[in-house]
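Subject: Structure for your review

Dear colleague,

Please find below the structure I am handing over to you. My notes on what was found in it follow directly after.

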Amino acid sequence: MTDVKNRKSREDDPRYRRSLSAILDAVTSLVEAHSLGEISITRVVEAAGVTRPTFYQHFADVPAAARVAGLARLEAAFPPPEPLSDLGTLTQQALRTHIVGHVEPVLRHLCEHRVFYLRILDGAGNVAFFEEIVSFVSGRMLPDVFEIAAREGGAETDDLIAVTAGGVMWLTIRWLRGEPAPENAAQMAHRIAGLTPAMVARIG
């Protein structure tokens, strides 16, 4: 309990938040320009304008900071979807259109910063990081749609969302790597949009 209180106290400290923000901004800029192997803690603290002990208050090493920076940037580019108020009368085509409209801007962002995200995936990715990405994508899915699909199929909603989120994540990572063939963001958005409606046979 004491550790939780101490962490909460640090997070409420404006100086702590400012130094964290400065470090994440610095890491983001550095990863845009360099591979993780070229980025030292010294370079980060110099770019952030903080001390080395301050860095260690937040992160154990550069890869840990890069993972947080990547997720923070992704979160800013991937807001939660608007709820579907007309779910009862929603058609397959309307659902696809809704998903494309939500996903395509995110894919454009990923494409624009392809090198940044691939450097983090290749240089700092670990099991815990990929689990965080799946959890993040799961939180951006359409829970009301998956609730219907799960109920109709006798599955758990959270399981269905997690499985779909994991598939979407790996499909997107392959796309970022140009596998199996390059596609633009609009084409990829339509591929992803075809996955969710296919699982919701009750709609349309």
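**Surface and overall build**

About 11,100 Å² of accessible surface belongs to the chain, and carbon and sulfur atoms account for 53% of that area. Please bear in mind that this is a predicted model. Of the 204 residues in the chain, 44% are buried. The chain holds 12 helices and 0 strands, so that, read from the N terminus, the order of elements is α-α-α-α-α-α-α-α-α-α-α-α.

In soluble globular proteins, nonpolar side chains tend to be buried together. In this chain, the largest nonpolar core comprises 60 residues, and I23, V27, V44, F55, L107, L110 and I133 have the most contacts inside it. The element that gives the most to this core is helix α10 (residues 157-176), with 9 residues.

What does L107 touch, once its neighbours within four places in sequence are left aside? The residues in contact with L107 are then T172, W175, A185, M188, A189 and I192.

**Packing of α8 and α10**

Two packed helices are described by the angle between their axes and the distance between the axes. For helix α8 (residues 127-139) and α10, the axes come within 8 Å and cross at roughly 115°. Because angles of 65 to 115 degrees count as roughly perpendicular, α8 is described as roughly perpendicular to α10. On the α8 side, the contact is made by F130, I133, V134, V137 and S138; α10 contributes I161, A162, A165, G166, M169, W170 and I173. The crossing of α8 past α10 is right-handed.

**Helix α7 and its cover**

Helix α7 (residues 114-124) has F116, Y117, L118, I120, L121 and A124 as buried residues. The cover over the buried residues of α7 includes α2 (14-33), α5 (62-77) and α6 (92-112), together with α8 and α10.

**F146 in α9**

Is F146 buried or exposed? This residue lies in helix α9 (residues 143-153). F146 has a relative accessibility of 1%, and it counts as buried because that value is under 20%. From F146 to D159 there are 13 residues in sequence, and the C-alpha to C-alpha distance is 9.7 Å.

With kind regards

Terms used: Residues are numbered from 1 along each chain as its sequence is written. This is a predicted model: local features need pLDDT of at least 70, side-chain atom pairs count only at pLDDT 80 or more; totals for chains, interfaces and linings use all residues. Side-chain values use heavy atoms; hydrogens and water are left out. A nonpolar core is a set of buried Ala, Val, Leu, Ile, Met, Phe, Trp, Tyr and Cys residues joined through side-chain atoms within 4.5 Å. Buried means under 20% relative accessible area, exposed over 50%, partly exposed in between (1.4 Å probe, protein chains only). Helices (H or I, at least four residues) and strands (E, at least two) are DSSP runs, numbered from the N terminus. Contact means heavy atoms within 4.5 Å. Accessible areas come from the Shrake-Rupley method with a 1.4 Å probe; for residues, only the protein chains shown count as cover. Axes are lines fitted to C-alpha atoms, for helices over the stretch in contact, and angles run from 0 to 180 degrees between N-to-C directions. Angles under 35 degrees count as roughly parallel, over 145 as roughly antiparallel, 65 to 115 as roughly perpendicular and the rest as oblique. A crossing is left-handed if the near helix is turned anticlockwise from the far one by less than a right angle, and right-handed if clockwise.
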